[in-house]
Amino acid sequence: MKYKTIKEKNYNLQLIDVPNFRSCHFALIFRDDFDPKKAVCYALLSDMITDANKDLPSSKYVLRKMEDNYILNFYGSFSNVGNKMQTYIVCDYVDPRYIREDNYLDNVYKFIFDMLKKPLVKNNVFDEKLFNLAKRRLLTDLKSCKDDNNFLSINKALKLFAPSSPTSFHLFDMIDFIENLKCEDMYKYYEELIKEHVDIFITGGLNNGKEEKLIKKYFPFKSTKKLDRNEVINHNYRMIPIKKVEKSKFKQSTIVTIYNVNNLSMFEREFVASYYLNILNTANLNSKLYQYLRNENSLCYTINSYPIDRSNILIIKVTVKAGEERKALKLIKKAFSDMKNKISNEEFVRAYYAYESSLKGMVDSIGAINRLYMNMYYGGFSNYDIKKKEFKKVTIDDIYSLAKKVKLNTVYVLKGDINERNQD
Amino acid sequence: MKEIKIKSSNESIYTFNAPTGLPVYMWVNKDKTNVHMTLTVKYGSSGINFTCAGVKYSVPTGTAHYLEHIKFNIKDQDVSKLFYDLGCDSNAYTSLNETSYEVYANTNLKEVLKLLLDFVYDNYFTKKLVDNERGIILEECNYGKDDPEHEFYRRNVESYLPKSTHRIPVIGYEKDIKSITIDDIALIHDFFYRPENMFLTITGNFDKEELEKVINENEKERKFKDIGKIKINLPKESKKMLEKDFVIESDKCSNTLGKYIIKSMLSDFKGKSKKEVLVSLRALINANFGPTSDFYENVIQNGLATKCRASVTFDDDVVGIFFNVISDNPENIFNLIEEKLNNMDITKEDISRILKKNITSSILRYDNIYEVSGYIISSIIDDGQINDDRFEILKKLTPKKVMDIYKCVDLSNKMTSILKPIKKETIKK
């Protein structure tokens with residue numbers, strides 16, 4: 001794996017040369033500080049500018065062009081990460097070594113940047129059909145979130161945890177704003193978007209600087225805005241955890257608990273936290289949570305954990321039999337408490353191997369390699385070679401010490417209806 | 001060891017039979033770091049009735065899945081822990097026609113392989129194990145029941161395949177899960193977890209001769225009692241669907257979903273093979289309803305639907321053309337689908353574009369060791385062998401051949417269904 005950063009006036013380019021793949025992964029990221037209204041518009045724009053442009057006026061033509069150019073995926077997406085928001089343009093194409101067509105790579109890069117620089121706009125107004133289509137798609141997805149008790153429970157728990165923070169933000173909160181958004185509003189957001197800070201990551205078998213030259217040739221914007229890379233949001237500990245119980249018509253109960261994990265050193269964030277999470281939950285049936293809730297008490301089928309590194313929090317979600325919430329909460333508490341002083345050597349060794357195995361697994365996935373370098377770039381994490389050495393230095397005491405920094409902040413229970421359950 | 005050449009991607013898969021008769025498939029790539037091994041049993045949730053040596057047997061629905069759950073135990077040892085201790089991840093899944101046990105490893109390959117073979121063949125079951133797992137499986141069973149889309153899907157399947165055991169959920173029905181016994185589990189293990197009914201795949205970076213040796217060593221001492229010929233009895237599906245049209249109203253959904261299904265039988269296609277029918281219909285449906293079609297453009301761009309996906313599937317001898325729609329007015333989309341179905345066409349250019357798309361997917365499949373395993377498993381389960389037949393059929397396809405096959409589809413044998421939210425005013429009443 002060779003890694004090279006090139007700083008240009010209008011963008012930063014990260015080239016990650018891994019020649020053992022047949023595909024190449026291109027990701028262009030527009031970055032800005034978090035802003036809820038911009039978030040909505042950028043999410044819509046990420047869809048609109050990858051769905052059509054002046055030369056290819058609907059997705060039909062875009063997809064045909066992709067097929068002609070051996071492009072597997074071309075799409076836009078949006079996410080908020082800590083205190084920043086990121087609008088992605090992604091393209092997966094076949095490595096040129098496998099295609100014997102003249103100008104193949106040139107055509108791929110021309111296609112990507114033509115899509116971005118020639119949006120389907122007339123007199124500074126986006127095409128109304130294109131806008132309505134993106135809006136409908138987004139609203140359909142967001143409305144379906146209402147039907148998902150897992151999403152709802154986590155969303156409600158995060159709102160309880162930090163109601164006005166970007167950590168608890170979801171586009172779902174902006175349904176009314178989206179419904180009232182006008183097509184005429186969009187072009188000004190497009191003009192803002194293309195001026196944002198731009199990072200480009202290319203992962204795959206690189207062709208002697210050809211990609212770098214093609215980006216130089218086709219990159220169309222004056223994106224001179226520079227942004228710091230710090231994305232971390234700190235949330236304060238709560239002396240007494242906040243708790244809320246709501247009733248639902250669902251057959252099962254969903255419990256969400258949120259923990260602050262503040263003041264971690266880089267070593268703890270990058271290495272110790274993985275061991276901690278493995279022993280607590282991600283070792284699946286061998287983890288403490290699975291042992292207590294599933295294996296010993298048959299209370300649930302799955303337990304999910306969501307560490308949000310940039311917000312220094314950990315979320316645990318478990319769906320249990322309606323009526324068994326108290327028992328489940330007690331067992332969750334016991335698992336967290338045991339993490340402070342009851343880790344067996346067997347659990348520790350298993351976590352060690354899991355880390356080693358995930359490091360080795362990473363190099364077979366182009367997506368994982370791309371994420372590794374994004375985490376290095378934005379999160380200040382180590383490169384692959386350092387990781388391979390450093391993870392071995394973690395001790396059980398390091399995990400105990402981290403466990404003491406994990407503090408329960410929020411408990412949200414969406415209580416299932418026992419009567420609904422008994423109807424089956 | 002025999003080499004199978006995959007022309008579409010210029011790759012080779014190696015195969016041999018172990019001393020027990022267990023077929024083994026290997027794909028080696030020295031650029032990869034990891035290895036994916038799967039041991040697949042050609043027995044899934046649909047095999048609830050079977051005959052062995054002239055005696056008929058039946059087990060409750062969900063037994064195949066239940067066995068998969070408790071399989072990770074040998075003599076009071078948790079197998080997933082043993083794999084973990086060898087530095088690898090293990091998992092398993094059950095589907096309609098197969099149950100597969102998989103490991104993802106990059107170290108201790110010989111030991112991992114031995115353990116995979118040993119534990120899947122092992123017949124250690126206790127009543128305690130069976131009883132302990134029941135609560136967990138019932139929770140898994142309840143997991144989808146809060147989702148109206150899941151219920152909508154279930155009613156469609158029950159209507160589309162009223163006789164076939166493919167209509168039964170893989171996990172089984174709740175009342176059956178409650179009744180599964182250790183005897184049911186031991187029975188299907190004895191009958192189906194046998195080398196002649198299983199196959200092993202290994203993909204990734206490894207020394208194929210070395211692992212071949214491990215397999216041969218490990219298998220040569222293994223003995224299996226001859227139980228005679230075993231046959232899964234699948235009820236013969238009829239062309240008829242249980243319901244013609246139906247609407248479900250739910251207070252747990254926010255979008256309106258529609259399904260339009262056309263059902264045919266393989267026998268309708270006058271001696272054509274499954275593969276020919278599948279490749280031809282998929283090409284035709286893709287050209288006329290796929291994202292690059294005029295139909296799709298009209299429906300999506302004009303806001304008639306937010307999503308409209310068309311697909312062609314096979315369930316035993318049943319051929320289904322499915323349309324899944326998200327739209328405020330699905331009836332309108334159904335009319336447009338019907339109109340288009342009566343005016344279908346396909347050009348040489350359409351076929352060549354579909355072929356190009358297939359080449360791209362075929363090349364990129366070999367970037368991922370899981371996908372290669374998946375490709376081998378589905379080829380063996382669906383076709384009984386690995387070959388490039390589908391690709392070769394696609395290469396030789398002509399518009400006339402496609403339309404000749406399409407003429408055999410009985411467009412009148414259809415079913416429509418809608419899932420829609422209950423309006424707020426209705427709830428108030």
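Me: Hi! How do strands β5 and β6 of chain B pair, parallel or antiparallel?
Reply: In this predicted model, β5 (residues 49–52) and β6 (residues 55–58) of chain B run antiparallel and are joined by four bridges.

Me: Where does β12(B) come in for β5(B)?
Reply: Strand β12 (residues 230–232) of chain B is antiparallel to β5(B), with three bridges joining them. One pairing to look for is Phe50(B) with Ile232(B) of β12(B).

Me: OK, switching to helices. At what angle do α1(B) and α4(B) cross?
Reply: At roughly 110°, and their axes come within 10 Å. Helix α1 of chain B covers residues 63–70. With that angle, α1(B) is therefore roughly perpendicular to α4(B).

Me: Is that crossing left-handed or right-handed?
Reply: The crossing of α1(B) and α4(B) is right-handed.

Me: Which residues make the contact?
Reply: From α1(B) there are Tyr66(B), His69(B) and Ile70(B), and from α4(B) there are Leu129(B), Val130(B), Glu133(B) and Ile137(B). By class, the contact of α1(B) with α4(B) has five nonpolar residues, one polar and one charged.

Me: Let's zoom out. How is chain B divided into domains?
Reply: The domain assignment gives domain 1 as 2–232 and domain 2 as 245–428 in chain B. Taken over C-alpha atoms, the centres of these two domains of chain B are 29 Å apart. Their contact involves 32 residues of domain 1 and 31 residues of domain 2.

Me: Which elements of domain 1 of chain B give two or more residues to that side?
Reply: They are β1 (2–6), β2 (11–17), β3 (23–28), β4 (35–41), α5 (148–160) and β11 (198–204) of chain B. The largest share comes from α5(B), with seven residues.

Me: What classes of residue are on that side of domain 1?
Reply: The side of domain 1 of chain B that touches domain 2 of chain B has 10 nonpolar, 15 polar and seven charged residues.

Me: How many residues of chain B and chain A are in the contact between the chains?
Reply: Chain B gives 47 residues and chain A gives 48 residues. On the chain B side, α2 (79–85), α4 (127–143), α10 (294–301) and α12 (348–365) each supply at least two residues.

Me: Over to chain A, then. How do α1(A) and α4(A) pack?
Reply: Helix α1 (residues 36–51) and helix α4 (residues 128–145) of chain A pack at about 125°, with their axes 9 Å apart. That angle makes α1(A) and α4(A) oblique to each other. Their crossing is right-handed.

Me: Which residues does α1(A) bring to the contact?
Reply: Ala43(A), Leu44(A), Asp47(A), Met48(A) and Asp51(A). On the α4(A) side you'll find Leu130(A), Phe131(A), Ala134(A), Lys135(A), Arg137(A) and Leu138(A). The contact of α1(A) with α4(A) has seven nonpolar residues, no polar ones and four charged ones.

Me: What is the strand order in the open sheet of five strands in chain A?
Reply: The order is β9-β13-β10-β12-β11, with mixed pairing.

Me: Why is one side of β9(A) and of β11(A) left without a neighbour in the sheet?
Reply: Because β9 (242–247) and β11 (300–308) of chain A stand at the edges, each with a single partner strand. The twist averages 15° from one strand to the next.

Me: How many bridges join β11(A) to β12(A)?
Reply: Seven bridges join β11(A) to strand β12 (residues 313–321) of chain A, and the two run antiparallel. Within that pairing, Asn304(A) stands opposite Lys317(A) of β12(A).

Me: Which helix packs on the sheet?
Reply: Helix α5 (residues 149–161) of chain A does, touching β9, β10 (252–261), β12 and β13 (406–415) of chain A. The direction of α5(A) makes about 135° with that of β13(A).

Key: Residues numbered from 1 in each chain as written. Chains lettered and ligands numbered in written order. Predicted model: local features only at pLDDT ≥ 70, side-chain atom pairs only at ≥ 80, totals over all residues. Domains from an automatic or database assignment. Contact = placed C-beta atoms within 7 Å. Nonpolar A, V, L, I, M, F, W, Y, C, P; charged D, E, K, R; others polar. Axes fitted to C-alpha atoms, helices over the stretch in contact; angles between N-to-C directions. Parallel < 35°, antiparallel > 145°, perpendicular 65-115°, else oblique. Left-handed = near helix turned anticlockwise from the far one by under 90°. Pairing = 2+ DSSP bridges.
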